Amino acid sequence: MKLGEALANRAEATRRVEQLRARIVANARHQEGETPAEDPAVLLAEVTETLTTLESLIRRINRTNAAVDMGADGTLTDALARRDTLRLRHSVLTSAADAAAGSGERGYGRQLRSELMVLPALPVAELRAGADDAAREIREIDVRIQRTNWEADLLD
């Protein structure tokens, strides 16, 4: 099995657990003399099986991520960490640029000469350029990660 397939299976197992949780909660109580639409004990057993499968997938994915070498990006785990921090950097730079530019604020300038002028404390253009660079790096590393996901075999 390829790593990409295992990631898709992990996502499906996670969705399945959430669906089963909702069905268990909906059937956990019923009125006297009636039966629930589904047997919550059977649903709980299915959750247990799905969680066992999910745990196995997560363990194998983590082992694979730590072992797969992506060259200059390091291991797949290193590349994932880099992508996560780039996403945070992009978010911070975008928020800082928006705040410095006065996005969402009414009356950014001044109406009368007697009013105080509100000025940006940060260089908006530089922040936006930094955010654009981070976005480009995110796209590039994401492509390399996706390629690796479909090329790497899942470890046991």
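Predicted model: local features only at pLDDT ≥ 70, side-chain atom pairs only at ≥ 80, totals over all residues.

Student: Which residue does R128 pair with in a salt bridge?

Tutor: R128 pairs with D98, and the closest N and O atoms are 3.0 Å apart. Because R128 sits in helix 4 and D98 in helix 3, the pair ties together parts that are 30 residues apart in sequence. Helices here are DSSP runs (H or I, at least four residues), numbered from the N terminus.

Student: How many salt bridges does a search of the whole structure find?

Tutor: The search finds twelve. One of them joins D142 to R83, with the closest N and O atoms 2.6 Å apart.

Student: How accessible are D142 and R83?

Tutor: D142 has a relative accessible area of 22% and is partly exposed. R83, at 12% relative accessibility, counts as buried.

Student: OK, the helices themselves. At what angle do the axes of helix 3 and helix 4 cross?

Tutor: Roughly 155 degrees, and the axes come within 8 Å. Axes are lines fitted to C-alpha atoms, for helices over the stretch in contact, and angles run from 0 to 180 degrees between N-to-C directions. The angle makes helix 3 roughly antiparallel to helix 4. For the cut-offs, angles under 35 degrees count as roughly parallel, over 145 as roughly antiparallel, 65 to 115 as roughly perpendicular and the rest as oblique.

Student: Is the crossing of helix 3 and helix 4 left-handed or right-handed?

Tutor: It is left-handed. That term applies if the near helix is turned anticlockwise from the far one by less than a right angle, and right-handed applies if clockwise.

Student: Which residues does R82 touch?

Tutor: R82, in helix 3, touches E137 and I141, not counting residues up to four places away in sequence. Contact means heavy atoms within 4.5 Å. The C-alpha atoms of R82 and I141 are separated by 8.3 Å, and the two residues are 59 residues apart along the chain. R82 is partly exposed, with a relative accessible area of 41%.

Student: And T148, what is it in contact with?

Tutor: T148 belongs to helix 4 and is in contact with V68, M70 and L76, leaving aside its neighbours within four places in sequence. Its relative accessible area is 12%, so T148 is buried.

Student: Other end of the chain now. How do helix 1 and helix 2 pack?

Tutor: They pack at an angle of about 155 degrees, with their axes 9 Å apart. Helix 1 and helix 2 are therefore roughly antiparallel to each other, and their crossing is left-handed.

Student: Which side chain meets that of R23 in a salt bridge?

Tutor: The side chain of E38 does, at 2.3 Å from N to O. R23 is in helix 1 and E38 in the loop between helix 1 and helix 2 (40-67), so the pair ties together parts that are 15 residues apart in sequence. R23 is partly exposed at 27% relative accessibility, as is E38 at 26%.

Student: What does N27 touch?

Tutor: Not counting residues up to four places away in sequence, N27 touches P36, A37, E38, P40 and L43. N27 lies in helix 1 (residues 3-27) and counts as buried at 7% relative accessibility. A polar atom of the N27 side chain lies 2.8 Å from the backbone oxygen of R23.

Note on methods
Residues numbered from 1 in each chain as written. Heavy atoms only, no water. Helix = DSSP H or I, 4+ residues; strand = E, 2+ residues; numbered from the N terminus. Buried < 20%, exposed > 50% of the residue type's maximum accessible area, 1.4 Å probe, protein only. Polar contact = N/O pair within 3.5 Å; in protein donor to acceptor, adjacent residues only side chain to side chain. Salt bridge = Lys/Arg side-chain N within 4 Å of Asp/Glu carboxyl O.
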